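I opened a notebook page for this structure.

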Amino acid sequence: MSIDVQAVRRETRGVRNVTHLNNAGSSLMSRPVAETVVGHLRREEEIGGYEAAEEAADRLDDVYSSVARLIGAQANEIALAESGSRAWGAAVYSLPVEPGARLLIGRTEYSGNVIALRQLARRHGLQIVVVRDDPHGQVDVEHLQRELERGNVAMVALTHVPMANGLVNPATQVGRLCRAAGVLFVLDACQSVGQMPLDVEALGCDVLAGTGRKFLRGPRGTAFLYVRASVLEQLEPVMLDGHSAVPSGANGLEIRGDARRFESWETSVAGRLGLGRAVDYALALGLDAVQERVARLAELLRNALSALPAVTVHDGGVIRSGIVTFSVRGSDAGTVRAKLADHRINVSVAPLPSSEVNAVLAGKPCAAPTVVRASVHYYNTEAEIQRLVHLLR
Ligand SMILES: Cc1ncc(COP(=O)(O)O)c(C=O)c1O
């Protein structure tokens with residue numbers, strides 16, 4: 001079924017104010033999501049925070065089932081967190097590693113992840129190996145295969161949809177290789193979740209992190225972590241509290257057996273309920289329909305931009321996402337963004353992801369923004385895209 005664009009726009013108040021093409025930054029929340037968050041805050045105001053949480057206990061529990069359904073997992077494999085980076089790091093920092101082990105990453109790995117891996121590498125004497133890109137700019141699976149064959153790999157980390165360059169990495173192929181090699185596969189799905197169907201079985205990942213505010217259209221400060229049940233026991237969280245473990249015996253501890261071992265006790269209940277509502281909203285629309293519309297709008301934008309003589313589109317990949325990156329001859333990315341903001345068009349700026357990874361690995365600050373990033377969602381319209389192109393022209 002295709003998406004009823006007018007209906008979803010009626011449920012998205014922000015579209016009356018702005019042309020929002022910064023969905024890879026943070027999408028416009030739908031009204032049901034905003035009402036869920038605000039509604040819970042009101043209950044906290046009216047009856048008390050703990051009491052409101054108790055009242056919402058069943059709905060809170062449903063959030064785990066919803067997230068699990070979204071990615072083809074079981075509810076006990078889901079933890080909730082306050083950011084994609086925290087979710088990803090909760091699992092990755094817990095990985096048991098031996099000095100000298102190798103961490104394989106793609107060239108488009110999210111730069112924040114690479115910072116974390118550098119810390120782990122420094123702390124435990126690990127080696128970060130960057131797998132080459134193929135001619136399309138995606139992770140080169142043949143090179144990955146060769147690196148896996150060399151052995152001593154503690155983990156493969158891949159960013160499914162990089163933050164800026166339009167492509168979707170071939171995660172399923174990577175998952176297949178990791179499974180065959182018996183190596184843990186960590187997938188950063190922060191930019192893919194909410195804009196395309198995800199299935200952890202098909203992807204073959206052991207760990208997957210997603211954030212709420214981007215294509216899922218959840219509230220800020222929300223995220224989730226998936227950890228495959230069969231690897232949960234191998235990953236002892238680096239931090240515990242009374243929610244994740246209980247004392248046992250003289251000096252012992254019993255750590256929870258489910259993925260909630262990675263959570264902290266205190267959290268924004270309103271945020272979590274809002275995340276659950278956003279997941280249900282996406283599921284009701286259907287992720288196939290979402291992907292179809294997002295891909296079509298993004299391709300429309302790429303084609304229109306490519307026809308402008310002063311504009312260069314930078315996107316690579318065989319399969320493309322809703323993220324479109326470009327530069328305008330004679331204007332830096334920040335100026336383009338500011339000029340579009342004057343017309344209430346929201347875009348963002350970014351360095352190309354591979355330049356970020358290179359900078360982090362070279363021990364330099366992350367590269368300066370060089371491209372404009374316009375990221376579309378299903379509630380955007382063809383007319384909004386034409387407006388952007390018209391202004392650029
Ligand atoms: C690909 C990717 N991974 C991870 C993150 C981090 O997510 P969060 O900001 O929720 O920590 C981002 C944020 O931009 C991202 O683009």
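How do H12 and H15 run relative to each other, roughly parallel or roughly antiparallel? I note first that this is a predicted model. I looked up helix H12, residues 287-306, and helix H15, residues 382-392. Their axes are 10 Å apart, and the packing angle is about 20 degrees. Angles under 35 degrees count as roughly parallel. H12 and H15 are therefore roughly parallel to each other. I also checked the hand of the crossing of H12 and H15, and it is right-handed.

Next entry: H6 and H14. I took helix H6 as residues 111-124 and helix H14 as residues 353-361. The axes of H6 and H14 come within 9 Å. They cross at roughly 20 degrees, so I list H6 and H14 as roughly parallel to each other. For the hand, I wrote down that H6 passes H14 in a right-handed crossing.

Next entry: H4 and H11. Helix H4 covers residues 57-71, and helix H11 covers residues 269-285. I found an angle of about 40 degrees between them, with the axes 9 Å apart. That angle makes H4 oblique to H11. The crossing of H4 and H11 is left-handed.

Then I turned to backbone angles. Most residues other than glycine have a negative phi. Arginine 344 sits in the loop between helix H13 (333-342) and strand S13 (345-346). Asparagine 152 also went on my list: its phi is positive, at about 55 degrees, although asparagine 152 is not a glycine. I located asparagine 152 in the loop between helix H7 (141-149) and strand S5 (153-159).

Last entry: the ligand. How many residues surround the ligand? I count 13, and the closest are Gly84, Ser85, Asp188, Thr211 and Arg213. By type, the shell around the ligand divides into four nonpolar, six polar and three charged residues.

I then looked up distances from ligand oxygen atoms to polar protein atoms. For glycine 84, a polar backbone atom is 2.8 Å from an oxygen atom of the ligand. For glutamine 191, a polar side-chain atom lies 2.9 Å from an oxygen atom of the ligand. For threonine 211, an N or O atom in the side chain is 2.7 Å from an oxygen atom of the ligand. Finally I checked the cover. On its own, the ligand has 390 Å² of accessible area, and the protein covers 91% of that.

Notes: Residues numbered from 1 in each chain as written. Predicted model: local features only at pLDDT ≥ 70, side-chain atom pairs only at ≥ 80, totals over all residues. Heavy atoms only, no water. Near = heavy atom within 4 Å. Polar contact = N/O pair within 3.5 Å; in protein donor to acceptor, adjacent residues only side chain to side chain. Areas by Shrake-Rupley, 256 points an atom, 1.4 Å probe, with all protein chains shown as cover. Nonpolar A, V, L, I, M, F, W, Y, C, P; charged D, E, K, R; others polar. Axes fitted to C-alpha atoms, helices over the stretch in contact; angles between N-to-C directions. Helix = DSSP H or I, 4+ residues; strand = E, 2+ residues; numbered from the N terminus. Parallel < 35°, antiparallel > 145°, perpendicular 65-115°, else oblique. Left-handed = near helix turned anticlockwise from the far one by under 90°.
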